Structures are given as C-alpha cells and as structure tokens.
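Thanks for sending this one over. Here are my notes as numbered points, for you to read with the model open.

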Amino acid sequence: MTVEDIIRRLRKDCDDYCDTVLALKAFAHEMLWDDGTGSVDCPAFFGRSMATSSANRISPDNTVTPDLIVQPKPQYGIVAEAKIALSGDPKKRTRKLQALQKYDDDLTGWKTADEKMKLHDVVLLCHNFHGTEVCDQLRDLQGKAEITFDRKFAVVSFIRGQQTETWMSLALEMGDLSDTAKKEKLRKRLQIRLDHIAANPKFASVELYDHPPPLPMLMHFIEQTVVNDLDPSELLRHRQRQPVLKTYSIDDMRDRLATSFALPQDKSRTPKIPKRASVKEALEAFVALGWAQRASEPKGYYLYTVKKRHGNLFERFITFVAKQQFEARQAEEEAAKKEQDPNAMVQKRLFAP
Amino acid sequence: MTEEKNTPGDLFFSAKGNLDALFNVASQVCSNANPLSGCLFSTEQPLDESLTYLKEHRISKRRFAASTTSPHLVTYKRKKDSSTSEPEEEPKCYLWKPADIPVVYALTCQHRDVFSSLSDAMYRVLLPGISRIHLRTVEFLEALNDLSSGFGEDQLRIREYVARSLIEDENSHKQVETNRQWTDKDYPAVFDELRQKRAWLSTIRIELRGSQPMSGRIGRDSTFVCHENFPLFFRTILSRIAGIVARRRGFYDKRDRQSGPDRGPRPIEITYDQEVFADKQQHGRLIRVITSLPNASFAVFHGNPYLHGTLVDYTDGSSYDIWIATATSILIVPKARATSHSLSRLCNHICDRFEEGDVREYHGQ
C-alpha cells in the first residue's frame, strides 16, 4: 500500500463519517418535522448515556450510548443506531446486529420528568448499498429466533443523491414504526435537501457521533477549537504575527470538542464523545507535526502553538497521517522480515545471553 | 511674526472643539487638489473606550495618540528610532461617532495611502469590536435613489466607476475582469448597464450639479474621497451610507452559536438569479476564491458534487461551515464564534471575487 492509497482510504473514511453524521441529522430532522407546522421544538441527542434495566437481554444494569435519541412526542421516542458498513465477517456482523437488542429495553435517561419513556422504537440506519444485505440477514436471524424485538424495530437506509440540488434520501427497508405517517413517508423514500439539514439550528453544530472520527478530522476540529478559544488579547498578538501558546489537558480538550461539535445536554447523561484515547492520539499527532509539545509540568498537558496557517489544513492533516501510517507499516514490515531472516535467527541464537 | 497655517494639512488638523469647526475647515480645505479621505466603520462600543484601548496597544512598535474631545484627533506615531532622512508623515485622522447609530466616521486630508496605514492599524488593534462593512451594488443604488429624490435625477451624474464582471470566454485563464469607466451619465443608465452585464461595483465617483455642486467617490469597503463640498457630501451621501452600514451590521451581528437563542446559529445565504453551480467547475472556482481570503484557512471536506468546507478566520477566531447544496446558492452557517466584521469580510470576498449575489437570511426555499 502506497502513501497515496492510504490518503485515498483516509479521505473515504472521513467522507463516510461525514455521511453518517448527515444521515443521523437527516433522520432527526425528519422525526422532528411536522408537515403542517414545520420543525417541532422537541429534544434530540446525538449520543446519550442511558441505563439499561436488569431485564436487558444483551447488557443488563449497564450503560449504553445510542447514536441518536429523538423524542418527537412527550410519550414517544426513537433510539437510532447508525452503521455505515457492517463488518465483512458474517459472524461479526451477526453480533453487531444482535447487539441492537440492547435498545429494546425499558431504558432510563430520556429527557422526561422521570427519565422514562412509555413507548419507543428502535431504528438501524445503514447505507443504502448495504440495505438489502442487512435486511436479508436480519430476516434470517429473526426466522431462527436469534434476534427478537418486543418494541417496533425498523431498518432505514440512507444515501446522498444529486440532481440540481443535493439531498439525503431516507428509505424504510424493513420493519415498523409507531408513527404510521412517518412510516409511510419513509416507505415511499424521503428526500431532504442537504442545506436544510446543514442549516437546522437545532443541530447545525453537530459533527461528532459515538464513533471515533478519523484522525485527520479530529485534528481539524482541534485546530478550530483552539482558534475559537483565543481571547481578545491573544487575538491581537496573533494579528501581530506573534505565536500564541495555549495549554490544554486531554480532558480539557475533550470537553471543549464535545461543547463545540456535539449537542449540549445535562451533565449526567453527556457521553464521552469524542473518546479520551482519540483526543490523546490527535494531540500526539500535533506533537509529531511540530504544532504542539508535551508540557513538562503539569503532566498530561499539551502546549499548542497558534499561528497563521495557510492552505487546506484538512488536506495537510490527511497527508501527514497517511505518511505516519505508511512509515509505521514499513517499520513493522522491516521488523517482521528481520524476525524471519535465517541469518538473523542464527546470530540471535549464537549471541543470546 | 505670526505663525501661519500655510498648508491645507495644517489648517485641517487645527480644527478644535466640535464638529462644526471641523466641517468649517473641511469645507475650506476640500478641493480637487486637496481631497478629503476617510471611511466608515461600525462599532457598538463607546468611542471613548475604543480610543483608550487604542492608546494602550501598539502595532509594529508604533503607538496611537488621541485627543479627548470629539471629533477626536488620532495620530499614529512615528517610530522613535526612525533613520530616514525625510521625516515620515504621521498618519492622522479625526474620528467621531453620532449618538444615534453604531457607526464611526474617520476623516483626513492626507493621501489615501497614508490614511490606509492608519485605518489598517486601527482595525488590527480594535478587532473584533469594530466591523468594516462592505456595500453591495444594490446598496449603492439605494443611496443614490435616496439622494436624487432631494435633487433630481438629472443633477446627479456618474463620472467614473470601477466594476467587475465575469469573463464569458471559456478559454480565459481569468474568471473575473475589472473595468474602469470614465464617463458622464445619469446614474440609472449606469446601473442599467451594470445589470445587463451582470457586473458589480467596486467604486463610484458621483457629481452633483446645480446650485450646490458636490463631488466625491465611494468605495465598496465604505471608504470615501470628497473632492468638493464636504459638508453637503457628508449630509447627503455619507449619512445615507452610514445608515446602510448600521443596518448591514445589524444583519451580520449575533449569528454565531454563542449569541443565538438556544445556542443555535442563524445561517445566511448568498443567492444568484442563475444556476451558477449547475456547472460543477464553479465549485472549484469558489474553493479557490475562498482559499484566497487573507488571514484565513479553508478546509474542504467535500468538493464535488456538493461542496462542504470549514473556514477559520484568523483575524478574530470566527469560523463557518460553507455549503453548496443547490445550483443557485451558497449557504454560510456560523459556528461557535462569528463576528459581524468577519461575516461581512467573507460575504464581500465572495461577492467581489466570485460573483455578487443577494446576501440574505437563510429560509430554506
């Protein structure tokens, strides 16, 4: 695999991630839309920590984080999980599909007075390319009683389309929804203009969901967050072409990213999006790039240098990460070759302590 | 021997006390040989606070001095250790702010280039508290329509204008051309020509004839030069431009997430009469235009068939998502921070370098 191959793969990963976020937003946009009155002011959460009951078939007395919670009515909600591509391994795919049953439960954590919901549906959002395959497998599992849902369960596929306008299409591939009007709209395939989704003030800012974003994307979000964070005196120094140093801990940066790119919610239900490990990886990448350094004191802090940067930074991050991955792969291959080299093995045996 | 104020500059910068005194010397000084230059910018802050901040900060080791009473004489001091043989002209201007609108006037009799070094330095210090608001062609027309209702169309003439338009030749390496016309036409004829050519104004020089002659030039970036009859120029044209600047600032203000109700942004769109983006090559052109915005970086997530990118403005930390999802419009979604200055700068850059469109509230139509 060449660096260019890795660049192409990273671009595709970033594109897939953006498409998945768009699909979640499109679904939320539609579920919170009344054809008569327009957008309804009801809760939606892109990731929410919810508690399962002791009767949960998959994960009892535990915490789950669905990708999307929508509450179009006071006593009706939808739990949605997005999977742009399920695994190529049938066994892994089966496990992922079966895991959806954890949302078929009396979950606690809804935005209601008692954090309970009288009625909710479970929805799997998947890419249109995989819709048929996923539905075939689900029907097979249901036929063998290897997957069951007490609540209404539906598979909704998404795909981006274009004529003179670009839209996100949602389609009901199988299953049922409690809202029969919405079900019928989805059965007939629904198109939502991309600008309607992008401009929805309720979740225009959401760019992260409960899946680690590709490293170049997270680096881009960090750069934005740091620049947004400059106060007036720092901005003045920046305009005077003086570098500005900002100090962040991993948790500090994680919280800022969550505030900037995810929806705000009550603290007890705010999931850890993005994951701490992802943020650390991104900050370490900035250290390798020369844009940040690890602080000697206190430990676990990073000093980020804010300077005027030119060009398409996102492309720079993609190229940098691709080169890093290529070099790491080469180093692994070199190490593997040395292990297998007969001369090296003899040397090792002769000179072993 | 009495000391004479023997240059127009000496006379101009000797005005003290109040606006009437300034307008008095301005009308004495202002002529084709000694035009008066200036600009308008918008700010909600009291001018006294801005001037205090200006005096406390330096740019390129130079400091500002400002008088305490309005109109305030602001000077951008020379470097102490300047080794040039000729004394460098210290940029100076008067600043004042009317009580009723959030606009500041800057006025000088120095050369435009000397004044721009001062105004650029002021912007760099005072951002993001101040906004430079850019005018669109329709707003130039609005100001002239208003003006002509008081004086009659036949008295108001266009003597010169600079306009940009798209180059239709597919083999051209340039997309936009700039034309300067020296002319003598009534303004409706000029604006009709602009409409037919799909051109947009950069600057315009107007002349008012009759019993109270007046002439001056207005730029898209709210800069101006007055060649004759400054008090009338101020009362007629500048005050109207100030009203437009204040209104546009209100339009661009408080659109970011931090300012919006329920922490939601208020997007805007730039729309065109024609399906500009039916040709996907225009996406690439828009990317190149936005990328050329100074002191900003533009990250493109997706370029074709739809465009999605994020712009970060390093002048004040503003950021935006920019989308093309229809053939006739550009959607701009402000993010966590978006100042009126930055938003005006971005919209003007697109309208001036790509093609001028209608900048308006996004309604999703």
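This is a predicted model: local features need pLDDT of at least 70, side-chain atom pairs count only at pLDDT 80 or more; totals for chains, interfaces and linings use all residues.

1. Let me start with a helix in chain A.

2. Which residues of α8(A) are buried? They are A:Ile250, A:Met253, A:Arg254, A:Leu257, A:Ala258, A:Ser260 and A:Phe261. An α-helix has 3.6 residues a turn, so residues three or four places apart point the same way.

3. Helix α8 of chain A covers residues 250-261, and its twelve residues should span 16 Å at 1.5 Å a residue. The C-alpha atoms at its ends are 16 Å apart, so expectation and model agree.

4. Rolling a probe the size of a water molecule over the atoms shows where empty space is left.

5. The lining of the largest cavity draws on both chains. Chain A gives A:Cys18, A:Val21, A:Leu22, A:Lys25, A:Ala204, A:Val206, A:Glu207 and A:Met217, while chain B gives B:His308, B:Asp321 and B:Trp323. Two or more lining residues come from each of α1 (3-31) of chain A and β16 (318-324) of chain B. The largest share, four residues, belongs to α1(A). Sorted by class, this lining has seven nonpolar residues, one polar and three charged.

6. The second largest cavity has a volume of about 50 Å³. Around it are B:His134, B:Arg136, B:Arg220, B:Tyr252, B:Ser344, B:Cys347, B:Asn348, B:Cys351 and B:Val359. Helix α9 of chain B (residues 340-353) makes the largest contribution to this lining, with four residues. The classes divide into four nonpolar, three polar and two charged residues.

7. Where does the centre of the largest pocket lie? Of its 41 lining residues, those nearest the centre are B:Asp120, B:Arg132, B:His134, B:Asp221 and B:Thr223. The pocket contains about 1,200 Å³ of space, and its lining comprises ten nonpolar, 14 polar and 17 charged residues.

8. Several elements of chain B build that pocket. At least two lining residues come from each of β1 (36-43), α4 (112-126), β8 (156-166), β10 (200-208), β11 (214-219), β12 (223-228) and α9. Here α4(B) has the largest share, eight residues.

9. Some backbone geometry deserves a look. Most residues other than glycine have a negative phi, and most peptide bonds are trans. The bond from B:Ser70 to B:Pro71 is cis, with omega near -5 degrees, and B:Pro71 sits in the loop between β3 (62-66) and β4 (72-76) of chain B. The bond from B:Leu127 to B:Pro128 is cis too, with omega near 0 degrees; B:Pro128 belongs to the loop between α4 and β7 (130-131) of chain B.

10. Finally, there are two positive phi angles to inspect. B:Ser222, not a glycine, has a phi of about 65 degrees and lies in the loop between β11 and β12 of chain B. B:Ser222 is buried, at 1% relative accessible area. B:Asn229, also not a glycine, has a phi of about 60 degrees and is found in the loop between β12 and α7 (230-252) of chain B. With 26% relative accessibility, B:Asn229 is partly exposed.

How values were computed:
Residues are numbered from 1 along each chain as its sequence is written. Chains are lettered from A and ligands numbered from 1 in the order in which they are written. Side-chain values use heavy atoms; hydrogens and water are left out. On a 1 Å grid over the protein atoms alone, a cavity is a set of points where a 1.4 Å probe fits but cannot get out, and a pocket is an open set with protein on both sides within 12 Å along at least five of seven lines; lining residues have an atom within 4 Å of a point. Ala, Val, Leu, Ile, Met, Phe, Trp, Tyr, Cys and Pro count as nonpolar, Asp, Glu, Lys and Arg as charged, and the others, Gly among them, as polar. Grid points are joined across faces, edges and corners, and a volume is the space filled by probe spheres set on the points. The expected span of a helix is 1.5 Å times one less than its number of residues. Buried means under 20% relative accessible area, exposed over 50%, partly exposed in between (1.4 Å probe, protein chains only).
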